[in-house]
Amino acid sequence: MGLLTILKKNRQKEKEIRLLMLGLDNAGKTTILKRINGEDIDTISPTLGFNIKTLEHKGFKMNIWDVGGQKSIRSYWRNYFEQTDGLVWVVDSADRLRLEDCKKELHELLKEERLSGASLLVFANKQDLPGALNDDQIREALELDSIQTHHWAILACSAKTGAHLLKGMDWIVGDIGSRIYLLD
């Protein structure tokens, strides 16, 4: 029995997933995290460090690390890469001015060796705002079709209303589960 098989069987018993939630500041990362955890979203302030939530979803224990996205904090993102199974990249779909910066940061992240193999879920957030780009426009702006190194999906959502957040969690848990826990 190979080492990889032993490790997969060991992880099968735990059924634990580590997700890293990143994106530019004001994209809605903390609001998404609080919304899927059933918390009040009326009083959210910018995340200057990180938040960690442990949630149960579809039989998996998810440890979600929500890290602030201010430019001054982004250099510290690499401190959170270890043992990451999935990356949730949150985009403010109404912030057209920073889409190029958003694309650059995402593609730099995907080059990181410690994130290789991680599933990528892109939440095109703030669909409730007028003028928000839809998921196809975000896919094109971020050049997601060029990503060959990761399993990925994009989903239009609204952290404010909760629309499509659970669908996104279903996808990332299913993708990680099928790779790591040998699920069908």
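These questions and answers walk through contacts, annotated residues, a hairpin and salt bridges in a predicted model.

Student: Where is Ile-41, and which residues is Ile-41 in contact with beyond its neighbours within four places in sequence?
Tutor: Ile-41 sits in the loop between helix H2 (29-36) and strand E2 (50-57). Lys-160 is 119 residues from Ile-41 in sequence, but their C-alpha atoms are 7.7 Å apart. With neighbours within four places set aside, the contacts of Ile-41 are Thr-31, Lys-34, Arg-35, Ala-159 and Lys-160.

Student: Which residues does the UniProt annotation "binding site" cover?
Tutor: The annotation comes from an unreviewed UniProt entry and covers Thr-30 and Thr-47. They span 18 residues in sequence, yet no two of their C-alpha atoms are more than 7.4 Å apart, so they gather at one spot. The lining of the largest pocket includes both Thr-30 and Thr-47.

Student: Is Thr-30 buried or exposed?
Tutor: Thr-30 is found in helix H2. Leaving out residues up to four places away in sequence, Thr-30 touches Ile-44, Thr-47, Asn-51 and Asp-66. Its relative accessible area is 11%. The cut-off for buried is under 20%, so Thr-30 is buried.

Student: And Thr-47: which side chain does the side chain of Thr-47 join in a polar contact of 3.4 Å?
Tutor: Thr-47 lies in the loop between H2 and E2 and counts as buried at 14% relative accessibility. Not counting residues up to four places away, Thr-47 touches Thr-30, Asp-66, Gly-68, Gln-70 and Ile-73. The side-chain partner in the 3.4 Å polar contact is Asn-51.

Student: In the hairpin of E2 and E3, which residue takes a positive phi?
Tutor: E2 pairs with strand E3 (residues 60-67) in the antiparallel sense, over eight bridges. Glu-56 has Lys-61 in E3 as its bridge partner. Two residues lie between the strands of this hairpin, and the positive phi, near 55 degrees, belongs to Lys-58.

Student: Lys-53 forms a salt bridge with which residue?
Tutor: A search of the whole structure finds 18 salt bridges. In one of them, the closest N and O atoms are 2.8 Å apart. This pair links distant parts of the chain, 14 residues apart: Lys-53 in strand E2 and a partner in the loop between H2 and E2. Lys-53 is partly exposed, at 22% relative accessible area, and its partner is Glu-39.

Student: Are Asp-92 and Lys-126 buried or exposed?
Tutor: Asp-92 and Lys-126 form a salt bridge, with the closest N and O atoms 3.2 Å apart. The pair links distant parts of the chain: Asp-92 is in strand E4 (residues 86-92), and Lys-126 is in the loop between strand E5 (119-125) and helix H4 (135-141), 34 residues apart. Both Asp-92 and Lys-126 are buried.

Student: Why are Arg-139 and Asp-136 separated by about one helical turn, and how far apart are their closest N and O atoms?
Tutor: Both residues are in helix H4, and they are three residues apart, so about one helical turn separates them. Arg-139 is partly exposed at 28% relative accessibility, and Asp-136 is partly exposed at 48%. They form a salt bridge, and the closest N and O atoms are apart by 3.7 Å.

Definitions and conventions. Residues numbered from 1 in each chain as written. Predicted model: local features only at pLDDT ≥ 70, side-chain atom pairs only at ≥ 80, totals over all residues. Heavy atoms only, no water. Contact = heavy atoms within 4.5 Å. UniProt positions renumbered as here; feature names shortened; annotations may be inferred. 1 Å grid on protein atoms, 1.4 Å probe; cavity = no way out; pocket = protein on both sides within 12 Å on 5 of 7 lines; lining within 4 Å. Buried < 20%, exposed > 50% of the residue type's maximum accessible area, 1.4 Å probe, protein only. Polar contact = N/O pair within 3.5 Å; in protein donor to acceptor, adjacent residues only side chain to side chain. Pairing = 2+ DSSP bridges. Salt bridge = Lys/Arg side-chain N within 4 Å of Asp/Glu carboxyl O.
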